[in-house]
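Welcome, and thanks for taking a look at this model.

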Amino acid sequence: MLRAPGAAGALLRLAGAAAGVQSGGAPPLARAAFTRGFLDLHKFGNKEAIEKEKARLKDEMSRGYFADISEIRKNHGKIATACKVIIPEVDAVKFPDLAVESPDGGALNLPLVVPAPQDDDVEAGDGVIPDASLVCLSFRASSQKMAESWSSPFLDAFGADNNIHVYEVSFIDSWLLSSGPVRRAFLKVMRKSNNPHRHVVYAFGDHYDFRKKLQIINLLTG
């Protein structure tokens, strides 16, 4: 099966919307700003939304691709030191709600939450929610290998336990690939996992607010 970058390129070419600067075309940043402005016309009547969009644009322009590359080269892709103990719940950052879809047509929301029992005789989420899950995030194709450097050893160590799962999330922020018909075609050609404990899933659409909540700045690592 195709990986995300290969499938994305093929579908973009089929749709006649391949990325890349053509002769005499506008620079990428200008095109991105114009596209977002065009897509957010409905916000123009909302002053609060306009100010939020201005703050976002300023934030995104303050850090670019080359800053991410420089950081990667300095730290070999590991931009943060992992904590060796579990962070206490009162101090931990809550994982934001995230809707994802799988190539087999399934959809779910992360984090997985135990549903409230319907009555006293039913255990909440019995047989549905894993005891523990590792969630790996990839915002760019270059970060998939870094995510796998976490998921593979994790599965090697805990794969025998039926209640331990891994969710490898790839973010697709292209508005074209996020549209209904193209999204369905995209999912059909994407790689599937043959390991019942390893779930390869995709999150479509804008992920700026999600990243800000988790304080993720560098998009080139996983």
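## A polar contact to start with

A polar contact is a pair of N or O atoms within 3.5 Å; within protein, one must be able to donate a hydrogen and the other to accept it, and residues adjacent in sequence count only if both atoms are side-chain atoms. By that rule, the side chain of S102 makes a polar contact of 2.3 Å with the side chain of D104.

Before going further, two notes on provenance. This is a predicted model, in which local features need pLDDT of at least 70 and side-chain atom pairs count only at pLDDT 80 or more, while totals for chains, interfaces and linings use all residues. Residues are numbered from 1 along each chain as its sequence is written, and side-chain values use heavy atoms, with hydrogens and water left out.

## Overall layout

Helices (H or I, at least four residues) and strands (E, at least two) are DSSP runs, numbered from the N terminus. The protein has eight helices and five strands, and along the sequence they follow the pattern α-α-α-α-β-β-β-α-β-α-α-β-α.

Of the 222 residues, 31% are buried, where buried means under 20% relative accessible area, exposed over 50%, and partly exposed in between (1.4 Å probe, protein chains only). The protein exposes about 14900 Å², with carbon and sulfur atoms supplying 58% of it; accessible areas come from the Shrake-Rupley method with a 1.4 Å probe, and for residues only the protein chains shown count as cover. Contact means heavy atoms within 4.5 Å. Among contacts with a separation of 6 or more, 71% are between residues 24 or more positions apart.

Which of them is buried and which is exposed? S102 counts as buried because its relative accessibility is 11%, whereas D104 is exposed, with a relative accessible area of 62%.

The side chain of D104 also has a polar atom 3.0 Å from the backbone nitrogen of G106.

A99 lies in strand 1 and counts as exposed because its relative accessibility is 52%. Leaving aside neighbours within four places in sequence, A99 is in contact with L108, N109, Y202 and A203. The C-alpha atoms of A99 and P111 are separated by 9.1 Å, with the two residues twelve apart along the chain.

P111 itself is in the loop between strand 2 and strand 3, and a cis peptide bond, with omega about 0°, joins L110 to P111. Another backbone detail concerns Q215, in the segment after helix 8 (208-214): phi of Q215 is near 60°, a positive value in a residue other than glycine. Q215 is exposed, with a relative accessible area of 63%.

## Empty space: a pocket and a cavity

Rolling a probe the size of a water molecule over the atoms shows where empty space is left. On a 1 Å grid over the protein atoms alone, a cavity is a set of points where a 1.4 Å probe fits but cannot get out, and a pocket is an open set with protein on both sides within 12 Å along at least five of seven lines; lining residues have an atom within 4 Å of a point. Grid points are joined across faces, edges and corners, and a volume is the space filled by probe spheres set on the points.

The second largest pocket has a volume of about 2000 Å³. Its lining has 41 residues, with I87, F95, L134, V135 and L214 nearest the centre. Strand 3 (132-138) and helix 5 (144-158) are the elements that give two or more residues to this lining, and strand 3 supplies the largest share, six residues. By class, the lining of the second largest pocket has 29 nonpolar, eight polar and four charged residues (Ala, Val, Leu, Ile, Met, Phe, Trp, Tyr, Cys and Pro count as nonpolar, Asp, Glu, Lys and Arg as charged, and the others, Gly among them, as polar).

The structure holds one cavity of 30 Å³ or more, and the largest cavity has a volume of about 50 Å³. C136, S138, Q144, A147, E168, V169, S170 and R191 line the largest cavity, with strand 4 (164-172) giving the largest share, three residues.
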